Amino acid sequence: MGKLYVVGIGPGGLDYMTLKAVKAIEESEVIVGYTKYIEFINPLIKDKAVVSTGMRGEVERCKQALELAKDKVVSIVSTGDAGIYGMAGLILEMREDEEVEVIPGVTASSAAASIVGAPLMHDNCNISLSDLMTPYDLIKKRVSLAAEGDFIISLYNPKSHGRPLYLKECMDIIRNHRQGNTPVAVVKNALRDGEKSTIFTLETFDDSEVDMFSIVIIGNSKSYIKDGQFITPRGYQV
Ligand code: SAH
């Protein structure tokens, strides 16, 4: 009997994996994933079979994982949470009768939030600026409405070589709805090697260091910076 675990391995460092994720990897005979993510969990893989593919091979990767899971215990890995811009959705869309279990993980916004303070303490949303599968007009509409709705916004996939200007344009949309002193955090490689974080405001924001390994968090109208920490109040009287 085979089984497929869809494992969120967290932001990268092994300390931030759930015990359940570690157990699933240990129990698996085959590990499937994007080459770079497999490296994060190398110490757990030992002599297991590994099927690793490049960045854009998602459909092929899922097909292979489902095929293998017909008679083997297999883990397909995503960084962060497998159900947030990860592999869980595609696996469930493609699944026929294979047994599948999704294991959640610490997503990039939670990881980054813990580094810069407590920015996500109130209603918040994730928006990916990747237009590979979402039209840019729809992305901008979501940014605009999230800003109007006073959500704290976490921007995933904020900037790549192919779309150097989207982040600037989306920050301009947000500026139409927020004060210049609204905190903005840029966290690169949260909770893994190469971690770097900077807290700006909407006025001082500089996107020159933002890349695909970074996440950008924009506060709501109540967010503020205290002793270098980005805080969004929940509303308690203190
Ligand atoms: N499933 C992942 C997200 C995949 S989308 C999760 O739940 O975190 C890929 C984007 O996530 C990257 O472009 C980046 O914006 C963000 N990201 C993932 N890991 C990150 C990390 N450790 N630090 C900062 N951003 C990260």
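**Chat about a sheet and its cores**

User: How many bridges join E7 to E8?
Analyst: There are 5 bridges between E7 and E8, and the two run parallel. Strands (E, at least two residues) and helices (H or I, at least four) are DSSP runs numbered from the N terminus. This is a predicted model, where local features need pLDDT of at least 70, side-chain atom pairs count only at pLDDT 80 or more, and totals for chains, interfaces and linings use all residues. Residues are numbered from 1 along each chain as its sequence is written, and side-chain values use heavy atoms, leaving out hydrogens and water.

User: In what order do the strands sit in the open sheet?
Analyst: The order is E7-E8-E11-E9-E10, with mixed pairing; strands pair if DSSP finds at least two bridges between them. E7 and E10 (196-201) have a single partner strand each, so one side of each lacks a neighbour in the sheet.

User: Which strands does helix H6 touch?
Analyst: H6 (residues 108-116) packs on the sheet and touches E7, E8, E9, E10 and E11; contact means heavy atoms within 4.5 Å.

User: Okay, new topic. How many residues does the largest nonpolar core have?
Analyst: It has 24, and Ile-127, Ile-153, Leu-155, Met-171, Phe-205 and Val-216 have the most contacts inside it. Such a core joins buried (under 20% relative accessible area, 1.4 Å probe, protein chains only) Ala, Val, Leu, Ile, Met, Phe, Trp, Tyr and Cys residues through side-chain atoms within 4.5 Å.

User: Which element gives the most to this core?
Analyst: H8, with 6 residues.

User: And what does Ile-153 touch?
Analyst: Leaving aside residues up to four places away in sequence, Ile-153 touches several residues, including Cys-125, Val-143, Ile-174 and Val-216.

Technical notes. Buried means under 20% relative accessible area, exposed over 50%, partly exposed in between (1.4 Å probe, protein chains only). Axes are lines fitted to C-alpha atoms, for helices over the stretch in contact, and angles run from 0 to 180 degrees between N-to-C directions.
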